[in-house]
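Me: I want to learn how to read a helical model, feature by feature. Can we go through one together?

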Amino acid sequence: MLLGGQVLLHLLMGKIHWRNTREQMAVVGPESLLVVLLTATFVGMVFTIQVSREFITFGLVQAVGGVLAIALTRELGPVLTAVIVTGRVCSAFAAEIGTMRVTEQIDALQMLDTDPVDYLVVPRVIACGVMLPVLTIFALVAGIGGGMIVAQTLYSLPNKIFLDSVQNFLSLWDLYSTLVKAFVFGILIAIIGSSWGLTTTGGAKGVGQSTTAAVVTSLLAIFVSNFFLSWLMFQGVGSTALQNL
């Protein structure tokens, strides 16, 4: 929380190293894209397999695409993307900054009158806050596409019915909510990974411990914050799907 407050203060003061920010955006975004797309595609395919048979049995074939889209948009998309980025990026942040701490490179930055928060943390926070929503949108498209392929191939569900269901069930608020969740998750991942890196002690063993703790803490923060965000965003919003049925 202390580091988050420092980051906010530095952002308000306009202290941003843009070169480092661009480098971190490349690490968080393009280098994570393939894993995110593959994961989202197969999650959408598996979800469709689990749902389609039951829905077709009860004559609710027109709801298959919409239920998949709601599940991906409200929960699976942002959460799974955040989990993947945590495994790839949060661990890298903690390991990189932790190594700099135990090898006294951060002390050298301070001797050169360079604030580690400005130079190391703020670029990572901006990169995660910007790129995680973008990755989540790609994940939504990939997941819905994978579900549509399975619905057509295994259950002979026409693409038009599937896509019409997606359009009928989804609302703009669902899209806004997934972007808000992804943004919050990205900020948490960057701050937690950087915080554990900055507080690393004990040489190589300490770096490993900080990396593990950063990933575990980030995952817990994602799941806990996801509950509260869902509770705030979707209270009393449960009739849309029933009306479309």
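Reply: Start with handedness. A crossing is left-handed if the near helix is turned anticlockwise from the far one by less than a right angle, and right-handed if clockwise. Here α8 passes α9 in a right-handed crossing. Helices (H or I, at least four residues) and strands (E, at least two) are DSSP runs, numbered from the N terminus.

Me: What kind of model is this, and how are residues numbered?

Reply: This is a predicted model: local features need pLDDT of at least 70, side-chain atom pairs count only at pLDDT 80 or more, and totals for chains, interfaces and linings use all residues. Residues are numbered from 1 along each chain as its sequence is written, and side-chain values use heavy atoms, with hydrogens and water left out.

Me: How many helices and strands are in the protein?

Reply: The protein has 10 helices and 0 strands. Its C-alpha atoms fill a box of roughly 70 × 30 × 30 Å along the principal axes. Of its 245 residues, 44% are buried. Buried means under 20% relative accessible area, exposed over 50%, partly exposed in between (1.4 Å probe, protein chains only).

Me: How do I describe two packed helices?

Reply: Two packed helices are described by the angle between their axes and the distance between the axes. Axes are lines fitted to C-alpha atoms, for helices over the stretch in contact, and angles run from 0 to 180 degrees between N-to-C directions. Helix α8 (residues 172-198) packs against helix α9 (residues 203-233) at about 155°, with the axes 9 Å apart. The two are therefore roughly antiparallel. For the cut-offs: under 35 degrees is roughly parallel, over 145 roughly antiparallel, 65 to 115 roughly perpendicular, and the rest oblique.

Me: Which residues in α8 and α9 meet?

Reply: Contact means heavy atoms within 4.5 Å. On the α8 side the residues include W173, S177, V180 and W196. On the α9 side they include S210, A213, S230 and M233. Take S177 in α8. S177 is buried, at 1% relative accessibility. Beyond its neighbours within four places in sequence, S177 is in contact with M233 and F234.

Me: What does V215 touch, not counting residues up to four places away in sequence?

Reply: V215, in helix α9, touches T86, C90 and S91. V215 and S91 are 124 residues apart in sequence, but 5.9 Å apart in space, C-alpha to C-alpha. Across the protein, among contacts between residues at least 6 apart in sequence, 86% join residues at least 24 apart.

Me: How do I read aromatic rings?

Reply: A pair of aromatic rings is described by the distance of the centres and the angle of the planes. Rings of Phe, Tyr and Trp (its six-membered ring) pair if their centres lie within 6.5 Å; planes under 30 degrees apart count as stacked, over 60 as edge-to-face and the rest as tilted. The count is 1 aromatic pair. The rings of F227 and F228 have centres 5.1 Å apart and planes at 75°, so the pair is edge-to-face. F228 is partly exposed, at 45% relative accessible area.

Me: Which residue lies over the face of F93?

Reply: R124 does, at 5.1 Å from the ring centre. The test: NZ of Lys or CZ of Arg within 6 Å of the ring centre and within 35 degrees of the ring normal.

Me: Where is E104 found?

Reply: E104 sits in the loop between α4 (64-102) and α5 (105-111). Its phi is positive, about 65°, although E104 is not a glycine. E104 is exposed, with 53% relative accessible area.
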